[in-house]
Structure formats: structure tokens, C-alpha cells
Amino acid sequence: MTVYVFPGQGAQSKGMGGTLFDEFPALTKVADEILGYSIKELCLEDSEGKLGFTEFTQPALFTVNALHYLKKMKETGGKPDYVAGHSLGEYNALFAAGVFDFETGLTLVKKRGELMGRCTGGGMAAVIGLKEAEIAEVLSGNGLDRLDIANLNSPTQIVISGPTEELKRAQAIFGQMEKVRMFVPLKTSGAFHSRYMKEIKAEFASFLNGFTLFAPAIPVISNVSARPYGADIKQKLIEQIDHPVRWTESIQYLMGAGETDFEEVGPGNVLKGLIRRIQREAEPLKVEEKEQTVAGELLPVPAKSAAAADEPASFRITASSLGSASFKRDYNLKYAYLTGGMYRGIASKELVVRVGKAGMMGFFGSGGLQLNEIEEAILAIQRELNKGEAYGFNLVHQLADPAKEEASVQLFLRHNVPVIEASAFLSITPALVLYRAKGVTRAVDGSVKCQNKIIAKVSRPEVAEAFLSPAPERIVDKLLSEGKITRQEADMLKQVPMADDLTVEADSGGHTDGGAAYALLPAILKLRDRLVAKYGYAKEIRVGAAGGIGSPEAAAAAFTMGADYILTGSINQCTVEAKTSHAVKDLLEKMNVQDTEYAPAGDLFELGAKIQVLKKGVFFPARANKLFDLYRHHDSWDEIDAQVRKQIEEKYFKRTFEEVYEIVKGHYSPGELQKAEMNPKQKMAMIFKWYFHYSNQLALNGSEESRVDYQIHCGPALGSFNQWVKGTPLENWRNRHVDEIGIRLLDETARVLTERFGRLFSASAVQEALI
């Protein structure tokens, strides 16, 4: 039975780590990227003398401890039965137990070191020779009530912490006592593990809250409780900052559990000496069997008999392991996670860049924008994402203006935009085929490669089938006859599908048919399999899920059903990076799952297409549906009841019908206006559609006096998300960043899947045993 223990601050020394940095170059590079400096140079050379400063000591020691542990795992191939760490070393124990990965652990330690490094005016000192009760009596009997007991390192080595002037008084008092062998001031910048850390404790708690931690795969002894961690990992790490380190009792607990083989993993042997002293001076604690369960959660217990070998192997899903490996490889992603292109630049360039730098892919919301605005976004994103990071642009179908759709594609081609998200398409259009054709090449082996990738959003099987099929011959022939594509491109288009991948969009904000994910996704997956077999495509087509994904449970359901990736939309609209008004975000922050409604889509008004919008706090959905009903039942504005016309002009438009028409004229060609003059119903449609543009602009601008007319595309996923983060800093949208939300959602999804599949397998094993 073996316990690995990891040293804390004070064990650092110049030269620590030695050859480990060269043995683990990938992790060393990761550490450099997180810290912003060379960890190898700091530990081996320390040319600037920074290693002794807390903000540098803690990440350096965490890294070296971690590398020592990984080397030991490499050499032994086995894991310890328990792990523990002294103060900072506890983070290495949690890393060893799989509570977080190296990157997360180092990020947390970096923040912890920065916060603790800011502390001044206090210090720590070790009192050697007295027991805890004796030290407490001296402090209370001499008016030293501003000092706290911070580290219980052994029965007779105890560290006190507090203001510097009080420690000087304490030194004079303890120095006169016969039983005190030594009083040693420690080289620390602050009064660590004491009441004076409450301020940074709160700041660290807020930071820690943004991370997902997993249940330990090996029992970890907590500094705070001197018992194995239970479900309250975050709370214990927060408390550790201003609570004493109960090291003596931790070792006593392990002794009581029958542990005798302690190995120090990291530089130095400080803990070995303390453990030997504890074993000599203290008795083991009696460990009851019920202590294996803490805070209502079953803790992993080391195998102690041959029977344990028959138990199912433990496993852990991680955020980066979710989804299709080929999908992540093809798009150069760390995570199988996309963010959708929300209309009129709400999915902003800042949003796309932040997502791309985090190893995910975002689509810029180019729908409804002018070409010069889209071009500006392309150039800005390409300046920021210039190291192969993924990004894409949304292309919304322009049913009434195919020339505009093609102009957008020409812009994408001119600037080598690598991926487009095709949205609201009812069929394949010439613009889509043109984009696809200009990216096809033939490889040496004769296969066709597509450089211009299309990820199509679909919510109907017939639309999915169109994107899963090669480009329609009639469109290819037309483009060929017009000289827009070459014969070679036309021939190669026959061998590839129109889309590289499909995003199946269930009930969501924006253009959708309100489908149920549980019915829609399996149907599209089967359709994909049939058509891939039919056409014999050489390349895999991945199917992702979108719509309703605002919680880890929803994302877990999508991956369980077979989604190769997930795409989120509504939850990203209520983030710092989203380019909509603060007023809109304030409304969205408070919505719940039932606070949306379907309304007519302005761009497809005449067809009766629907979008989902926010209804809480606004009148837009009711007013938009009213306009569509009037359009359906009347052939002209003049046919509508005079009282209703007046209400619309005063309440909806805030201007007369003819005044709106004068505005509308500037957005249509002379030919279209001539048709409208000849067709009163078409003229009415033009004017009604203006209200949709107007209401959308009000929301983007945050016009306070017109808040009731805000048109806010949104699905119930955001309500679900709001419930998930309720009571945390993320309840306020000003703390929501799109990349952090994505990673947190995936981390928690991985935890949910790990836990639920673990339960499922365990239940299966029990059933088999009973049978």
C-alpha cells in the first residue's frame, strides 16, 4: 500500500526539475504558453532571481511536481493507493487523481500564486517544540490574538501566521520558553492560511467557479479536513487558502488506514522528515469503514484483494475527447464545439476570434449585413486568427435576392474564407455550388478534395438529402455555360457531396422547423449512412447537433445519440462578446425555458416561415404574428379595418403607412417597386417586412423607449443555461465569455457522461453477478 505525497512552497530550489523538461517537452511547452515565460529557464537558471517569489514559486513547483509524478508513472506503470499534498502540493495530488488535467491545474495554481503574491504586511513563523494546545495557550495568554495557527506540520512543529509586528512580539515571547527549541521566521510575503487571506479567498473562489472538476480516481486527503475529498472539492480548495494545513492529522488518518509506505514526489525530502516525526510522535487515527463515504458520494477505494480485478475498469471522458476525432482533425480543433452565426453580426468578430483561439470554431453572423461590413470582419478575423485557428462565415439563403447571395460567395472566395455555415436553405443554389466548385482539387490518388468547406444547417430530411448529394446537374451545367466554373471543376463536383458536414438544428432560435432533437437527429444519421453508401463517398460526413443545447445534460444527450459535434447559438447571444445591446442582454439574462414564442421570419415573410424569439418583456412576437395574419387575410392595406390600421401606424410603426413606404423605396430596385405599385398585396408585404428590420435594429441599438418592439431571436436553450448557472458569477451576463462558456459546458458534459456511463456499467455488472 503506497501513498504519494507532494511538497508545497518552501521545497523549491534552483536547478529543480533537471532533465524532466526535456523528457516532457509537450507539457513544458504548454506550461510556457500558460505562464508566458520559460519554466525551464526559471527552474534551472533563475537568472532574475524570481523563483523565491510566490507568484513564480507556486506554478514552478506545481510543474516540477507534476513532471516528477508523470516520470514515476512511466517507470512503475502503477498508481498509488492514496495521494496527499502539503498546501500547494495538494494541487499535484488532485492532478494525480484525475480531478483536473495539467493545463487546468497550472492555470489554477498560477492564479493562486498571483493572488497570494499580492499579500503584504504579514508573514509566517515555525514554532518547534510545542504542541498545538500549548501554542494556542501562549497566543491567548499574551494578547497575541491577531496570530493564527496555519500549518500543523508535526505534533511539535507548528507554523503561526499573521501581521509582521505581531510575529516579532511572538518571537520574543516564544524565544524565552524552555520547551521551544526553535522559532524560525519563514520567507513568505503574506500571512498564508490565516484569516488575513479572506479577500483573496473570495477572488479565487470566483475564478475557480469557472472550472469543472472531476471526482478523484484515487483518494485524495484534504488539508482542510484531513480526510478524503468528497463532493465538495471546490469548497475545500477555497477553504484551504485561509484554513490551517492539518498535515499531522492527515498522516495519522493514513496510518490508521494501514498505510506505511510514503513516497515524496517532487524536489527535496521535507515531507519525508515530517512524516517520520509524525510516525514517532503520534498515534494512528481509528478509521471507520463508513469514512470511505464522504458528503454522500462514494469515494474510490484501493483494491485490496484479487476479487477487485474482476470489477469493471474505471474510465473518464474529457472535454477534448468528446465528438468525432476526424471532425476535429479536419478543422484543426481541440474541441468538437461550434458557435453559430447569429444574424447581423451578433456573432461578432470578437466572438469568432475568442472561440477560435480556444480551439473551437465560430461562425461570423454575416446575415443582414452589407458586403463592406462582412469584408471588414473577414480582414479583422484573419489578422487575429493567423496560426491555423478555425473560423467560418455564415451564409443565409437569399430567396428574394440570389444576386446578393452570389455576391457574398464571391467575397468569401476572394478572401479565401475556408468554411461557410449554410443556413435557411430550402434547396441547393448556384451560389453554393460556385463556392464548392472553386475549392475542388484532385489528389495524386485520384480522389477529389474540397478546400472550401460547407457545414449545412438542416432541420428537414429533404434538405439534408440535397446537401448529402452531389451538386444538381442543372446548376452545374448552368454555371459551366456561363463560364463561372471549368469543365474539370464540373466533373469533380460529381464525386463529392454538397456539404462536408451537417448540423441538425432542432427547436432553436432563428430559422427552424421546431423539430424534436430525439426524432430528428437519428433520422438524419440514418439518411447520411444511406446516401454515403449510395454515392460511395471516400470521405466521412459528420453530423452535429444544434438547438436546445444550453446545459451539460442536453449536450450529453446529443453526444449519446451520436452527434459528432455540437453547435450552440442562443447561449452565446448573452455574452460579453455578442454584438447586441446591453438592454437585450439584460432581458435575456432573466429569461426561462418557457419565455420564447414563434413569429414570422422577416426575410421569408410571404412564405410564412417562422423564427423563435423572446416573448418575455416584449410585444414583438404578438405584433409580428398580427401583421402576418393581416397579410394572409387581406389583399391590400386599404382592406384592413381603419381602427386596426391606426393602431399599427401608432403602436407598431410609429409613423404612417406611406411614410414607411418612402423609407422602403430606398431598399428595392425600380423594377420591384413598379411591381409593388401594380400589386397592393406585395406593397403591403414590403411595408410589413420593414417592421421586422426596424424591430431588429431597435434591439441592436438598445433603444430604451422602444423596448417592447425588440425582435430578439432566441431559443429555450438560454433559459436552460440561465437555470444551470443560477447562483454563480455567470448569472450576470457581464461575467459570461463565449469561450469560457464553451469549455465549461464541455467539461461538465464530460463529467455527466463519465458519471452516468459509470453508473450504467456498474449496474450492469451487478445484474450480471446476480444472474
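Biologist: A salt bridge, then, is a side-chain nitrogen of Lys or Arg within 4 Å of a carboxyl oxygen of Asp or Glu. How far apart are the closest N and O atoms of Arg528 and Asp529?

Modeller: They are 2.7 Å apart, and Arg528 and Asp529 form a salt bridge. Keep in mind that this is a predicted model.

Biologist: Arg528 first: buried or exposed?

Modeller: Arg528 is buried, because its relative accessible area is 13% and the cut-off for buried is under 20%. Asp529 counts as partly exposed, at 45% relative accessibility.

Biologist: How many salt bridges does the structure hold?

Modeller: The count is 47. One of them joins Asp330 and Lys539, with 3.1 Å between the closest N and O atoms.

Biologist: Which parts does that pair tie together?

Modeller: Asp330 sits in helix H13 (residues 325-331), while Lys539 is in the loop between helix H21 (517-535) and strand E20 (542-546), so the bridge ties together parts that are 209 residues apart in sequence. Asp330 is partly exposed, at a relative accessible area of 30%. Lys539 is partly exposed as well, with 37% relative accessibility.

Biologist: Which residues make up the network with Asp330 and Lys539?

Modeller: Asp501 and Arg542 are linked with Asp330 and Lys539 in a network of salt bridges.

Biologist: And Glu505, what does its side chain meet in a salt bridge?

Modeller: The side chain of Lys457, at 3.7 Å from N to O. Glu505 belongs to strand E18 (residues 501-505) and Lys457 to strand E17 (residues 453-458), so this pair ties together parts 48 residues apart in sequence. Glu505 is buried, at 9% relative accessibility. Lys457 is also buried, with a relative accessible area of 15%.

Biologist: What does Phe467 touch, leaving out residues up to four places away in sequence?

Modeller: Its partners include Phe425, Ile428, Leu432, Ile454, Val458, Pro497, Met498 and Leu502. Three alanines are also among them: Ala422, Ala456 and Ala499.

Biologist: Where does Thr212 lie?

Modeller: In the loop between helix H9 (198-208) and strand E7 (220-221). Thr212 counts as buried, because its relative accessibility is 6%.

Biologist: What is Thr212 in contact with, leaving aside neighbours within four places in sequence?

Modeller: Val99, Arg744, Asp747, Glu748 and Arg751. With Glu748 there is a polar contact between the two side chains, at 3.5 Å. Thr749 is 537 residues from Thr212 along the chain, and their C-alpha atoms are separated by 9.5 Å.

Biologist: Now the surface. Which residues form the nonpolar patch with Leu426?

Modeller: Leu399 and Leu607; the three together have about 280 Å² of accessible area. Leu426 lies in the loop between strand E14 (419-423) and helix H17 (430-437). At 43% relative accessibility, Leu426 counts as partly exposed.

Biologist: Last one. What percentage of the contacts with a separation of 6 or more comes from residues 24 or more positions apart?

Modeller: Such residues account for 73% of those contacts in the chain.

Terms used:
Residues are numbered from 1 along each chain as its sequence is written. This is a predicted model: local features need pLDDT of at least 70, side-chain atom pairs count only at pLDDT 80 or more; totals for chains, interfaces and linings use all residues. Side-chain values use heavy atoms; hydrogens and water are left out. Patches are made of residues with over 30% relative accessible area and no salt bridge: like charges are joined within 9 Å, nonpolar side chains (Val, Leu, Ile, Met, Phe, Trp, Tyr) within 5 Å. Accessible areas come from the Shrake-Rupley method with a 1.4 Å probe; for residues, only the protein chains shown count as cover. Helices (H or I, at least four residues) and strands (E, at least two) are DSSP runs, numbered from the N terminus. Buried means under 20% relative accessible area, exposed over 50%, partly exposed in between (1.4 Å probe, protein chains only). Contact means heavy atoms within 4.5 Å. A polar contact is a pair of N or O atoms within 3.5 Å; within protein, one must be able to donate a hydrogen and the other to accept it, and residues adjacent in sequence count only if both atoms are side-chain atoms.
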